[in-house]
Amino acid sequence: MCGRFVVPSTTDELLSVFDATGDNAAAWQPSYSVAPTDPAPIVREWIHDETVQRDLDLASWGLKPGWAKPGGPAPINARLESVASNGMFRSAFASQRCLVPMAGYYEWQQMDDGKQPYFIHSDGDVLAAAGLYAARQEGNAWKITFTIITRAARDASGEIHDRMPVFLTPDVWDQWLHPEKITDKEEVLSMLDRSSIAIAKTVTAYPVARTVNNVRTLDSEDRRLIEPIST
């Protein structure tokens with residue numbers, strides 16, 4: 001799974017990388033610890049006046065479709081193996097897809113003296129995880145939520161945890177984001193599989209300080225959270 005991730009990029013940097021419009025761009029301050037229910041930037045496309053618009057929005061991590069009950073689940077991850085058929089995700093998979101930018105994510109190994117966190121990342125500055133989003137009205141405002149699609153871990157990522165985010169290569173970003181409703185689910189699932197395997201081959205991991213373990217006491221703006229340590 002992916003339960004905590006890192007977005008060190010600024011709004012302007014994300015707009016540039018993903019070729020998104022700045023008209024409605026959300027203000028984002030770099031965070032080295034995005035946790036469930038936290039706001040995080042997502043990239044999504046929608047149609048306005050018959051024109052496809054690509055925006056950078058802030059969304060809450062944990063998918064909450066408009067039809068979901070207020071006290072019901074808000075999953076932070078969706079399994080690639082069932083995302084196209086699971087009732088919680090299939091509607092968003094069909095027409096509300098997004099990219100979740102990150103530099104990497106954390107996973108933990110149980111050691112004799114406690115849990116040891118690792119930062120799992122790639123060689124590039126920005127990774128793009130395949131995500132799904134939903135919008136629901138709360139009072140007079142609309143709230144956007146999202147989930148990250150995960151798969152069985154491959155290569156170095158599998159040494160730490162058995163699942164990892166589905167990361168996409170830049171050549172398929174447009175295909176994934178396009179707001180047109182998916183008609184061939186198997187073709188898209190195959191694309192996600194191929195693309196994420198290619199990125200997985202570039203993924204590496206190193207241990208970081210256990211300061212990461214406590215979300216209540218850490219400083220999410222502290223870049224030292226992702227600095228490697230010796231174990």
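A: Helices (H or I, at least four residues) and strands (E, at least two) are DSSP runs, numbered from the N terminus. This is a predicted model, in which local features need pLDDT of at least 70, side-chain atom pairs count only at pLDDT 80 or more, and totals for chains, interfaces and linings use all residues. Residues are numbered from 1 along each chain as its sequence is written, and side-chain values use heavy atoms, with hydrogens and water left out.

Q: Where does T21 lie, and is T21 buried or exposed?

A: T21 is in the loop between α1 (11-18) and β2 (31-34). Buried means under 20% relative accessible area and exposed over 50%, with partly exposed in between (1.4 Å probe, protein chains only). T21 counts as buried because its relative accessibility is 19%.

Q: What covers the buried residues of α4?

A: Contact means heavy atoms within 4.5 Å. The cover includes α2 (90-95), β9 (127-138), β10 (141-152), β11 (163-165) and α3 (173-177). Among the buried residues of α4 are V188, L192 and I199.

Q: How do β9 and β10 run?

A: Two strands pair if DSSP finds at least two bridges between them. β9 and β10 run antiparallel, joined by 8 bridges, and A135 stands opposite I144 in β10. They form a hairpin with 2 residues between them, and G139 in the turn has a positive phi of about 70°.

Q: In which sense does β5 pair with β10?

A: Strand β5 (residues 77-79) pairs with β10 in the parallel sense, over 3 bridges; A78 stands opposite I149 in β10.
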